[in-house]
Amino acid sequence: MAKWRHGLKGWLTSRLKLPADAVMDLPRITMVGQLHIYIENHQGVLKFSNEEVRLLLKQGQLLIKGKDFMLKTILPEEILLEGKIEHVSYLERPEDL
Amino acid sequence: MKEYIRELFSGYVRIKVVGSYTELFINRCIEYGIPIWNIKRIDEQTIVLSLYISDIRRIRPHLKRTRCKVRIHERKGFPFMVQRIVTSRGFLAGVIGSILLILILSNMVWAISVNGASPEVEHKLRKAAYELGIKKGKFIFQLPTNQEIQQELSESLKEVTWIGVKRNGTSYHFQVVQKQLPEKEPAADPRHIVAKKKAVITKMYVEEGQAKVKENAYVKPGQLLISGFIGKEEKSQLVPARGKVYGRTWYVSSVDIPLNSSFVTHTGESKTNYSFRVYGFNIPIWGFKAPDFKHYEVNERETNFRFLKWQLPISISFKHMLETKEVERTYTNKEAVDAALTVAREDIKDKTAEDAEIKTEKILHEKVENGKVNVKIHFEVIEEIGKNIPIVQGD
């Protein structure tokens, strides 16, 4: 059932040109150089330290590494992180692997 | 920008949250719509974040649930700034100091204005007022009351008929009505000078007119002394008679003096108590006790404090107590007669003009009766006896 719905959403985005982040609950990530990273559609903060931020997403997690992190703004679905961003990566759920 | 202004105006705190589940705390805050920002990690257990003052209470349940402890790190924004300023000692001292200064200045004389006086009289008035203590920078409560000032000034200024004294806050206004000094006698109408009482003429000075009596003549009231007609009968001319006629006149005065009398005098001992009066309550500042004398007279003066244009319910009161003494006075017969003479002399002085002179005095009789001495005294006085009467021409 979940797989079927996932397929439908993929079709909607590819065929009807609907924005993927809206339809599929995917995070939209905006970066300004290494200074700022702006993440929409997150599901909460899992870990926050000066060098590492881990955010929960609908599917999997987002891992951001760098230096001198500071959460400038934090709202129910968006986060603005400031610092020196060095590394952004997705951690997928084991069952999706 | 908008956010920044809101932060400044509503005031916010930087708080330290300590616990193992600080991330959970952040998530719960977001979930419950408590705005937090500028989150920074200090160490494994501690984060620092900003929070509106109004939300401090709202985070309490979340702290409990996530087992975090909180400590306020910094206070920022206007509310705290105002609080800091208000509670700072310097600011407080400044506020108190300026209120005191205004209070002091509100109770000083700052302006003196004189209305309705000629420059000369104004100068004299200002000088007299200065001597009474009415000068710039003087405390109003040190000054006598308006009524006293009015009395003093009226007495010391002869050229003035009436002085109105008004105090308006910190300024004194003097309204002056000046005496209209008579102009140099205008060309007077023709007149005679006649005697106003019976007398024996002692001296005559005729300036204008014709003397009708001689020295040592006895005159009756209404008798012509200096005539306004001059010249020979055919060429007679009318003039205003001018001159002075002195005559010897007689008075008899009868005076009763009690042999025993009692009256109250001041002993010279006095005591002054100063006190503040606030809403009718007396707060003594100097002189707490009632004086040690038994009988005394009390003079009280009260002056209100002012603040700018407002009258404060605070006043300063001076209570001046003068010791009095009842004195019993007993005259011997001789002393009583002397006293009677003095009284009679005053009486004659009152009845006659200022330049009158008592020539002789003679006690006609004295009688002691019912503890009183009755003395009759005969006075011989030299005084001016002339009186002007206009000549009314028949045609």
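This is a predicted model: local features need pLDDT of at least 70, side-chain atom pairs count only at pLDDT 80 or more; totals for chains, interfaces and linings use all residues.
With β3(A), β4(A) forms a hairpin that has three residues between the strands. The two run antiparallel and are joined by three bridges. In this pairing F48(A) stands opposite V53(A). With β5(A), β4(A) forms another hairpin, with four residues between the strands. G60(A), in the turn of that hairpin, has a positive phi of about 75°. β4(A) and β5(A) are also antiparallel, and five bridges connect them. Here V53(A) stands opposite I64(A) of β5(A).

The next step leads from chain A to chain B. Where the chains meet, 14 residues of chain A are in contact with ten residues of chain B. On the chain A side, the elements that give two or more residues are β3 (45-48) and β5 (61-74). β5(A) gives the most, with five residues. By type, the residues on this side of chain A are eight nonpolar, four polar and two charged.

β5(A) also pairs with a strand of the other chain. Its partner is β2(B), residues 36-43, and the two are antiparallel over three bridges. L71(A) stands opposite I39(B) in this pairing. As a general point, strands of a sheet pair through backbone hydrogen bonds, either parallel or antiparallel.

Which residues touch the most other members of the largest nonpolar core? They are I74(A), L81(A), I26(B), I36(B), I39(B) and L49(B), in a core of 28 residues that draws on both chains. The largest share of this core, five residues, comes from β5(A). Leaving aside neighbours within four places in sequence, I74(A) is in contact with I79(A) in chain A and with I26(B), I30(B), I36(B), W37(B) and I39(B) in chain B. Apart from this core lies another, of 16 residues, including L125(B), A128(B), F174(B) and V176(B).

Two of the contacts of I74(A), I26(B) and I30(B), are buried residues of helix α2(B). Why is this helix described as largely enclosed by the rest of the structure? α2(B) covers residues 22-31, and seven of its ten residues are buried, so the description follows from that count. The buried residues are T22(B), E23(B), F25(B), I26(B), N27(B), C29(B) and I30(B). They pack against β3 and β5 of chain A, together with β1 (12-18), β2, β3 (46-52) and α3 (60-65) of chain B. After the helix comes G33(B), with a positive phi near 70°.

Chain B as a whole has eight helices and 22 strands. Of its 395 residues, 18% are buried. Among contacts in chain B with a separation of 6 or more, 68% are between residues 24 or more positions apart.

One part of chain B is an open sheet of three strands in the order β5-β7-β6, with mixed pairing. β5 (111-115) and β6 (160-168) are the edge strands, each pairing on one side only. From one strand to the next the twist averages 15°. β6(B) and β7(B), residues 171-178, run antiparallel and are joined by eight bridges. V160(B) stands opposite Q178(B) in this pairing. Helix α6(B), residues 119-132, lies across β5, β6 and β7 of chain B, running at about 145° to β5(B).

The last stop is V278(B), in strand β16 of chain B, residues 260-278. Is V278(B) buried or partly exposed? It has 13 C-beta neighbours inside 10 Å, so it counts as partly exposed. Leaving aside neighbours within four places in sequence, V278(B) is in contact with I283(B), P313(B) and I314(B). V278(B) and S315(B) are 37 residues apart in sequence, yet 6.6 Å apart in space from C-alpha to C-alpha.

Notes:
Residues are numbered from 1 along each chain as its sequence is written. Chains are lettered from A and ligands numbered from 1 in the order in which they are written. A residue is buried if 20 or more other C-beta atoms lie within 10 Å of its own, exposed if 12 or fewer, and partly exposed in between; C-beta atoms are placed from the backbone. Two residues are in contact if their C-beta atoms, placed from the backbone, lie within 7 Å. Ala, Val, Leu, Ile, Met, Phe, Trp, Tyr, Cys and Pro count as nonpolar, Asp, Glu, Lys and Arg as charged, and the others, Gly among them, as polar. Two strands pair if DSSP finds at least two bridges between them. A nonpolar core is a set of buried Ala, Val, Leu, Ile, Met, Phe, Trp, Tyr and Cys residues joined through C-beta atoms within 7 Å. Axes are lines fitted to C-alpha atoms, for helices over the stretch in contact, and angles run from 0 to 180 degrees between N-to-C directions.
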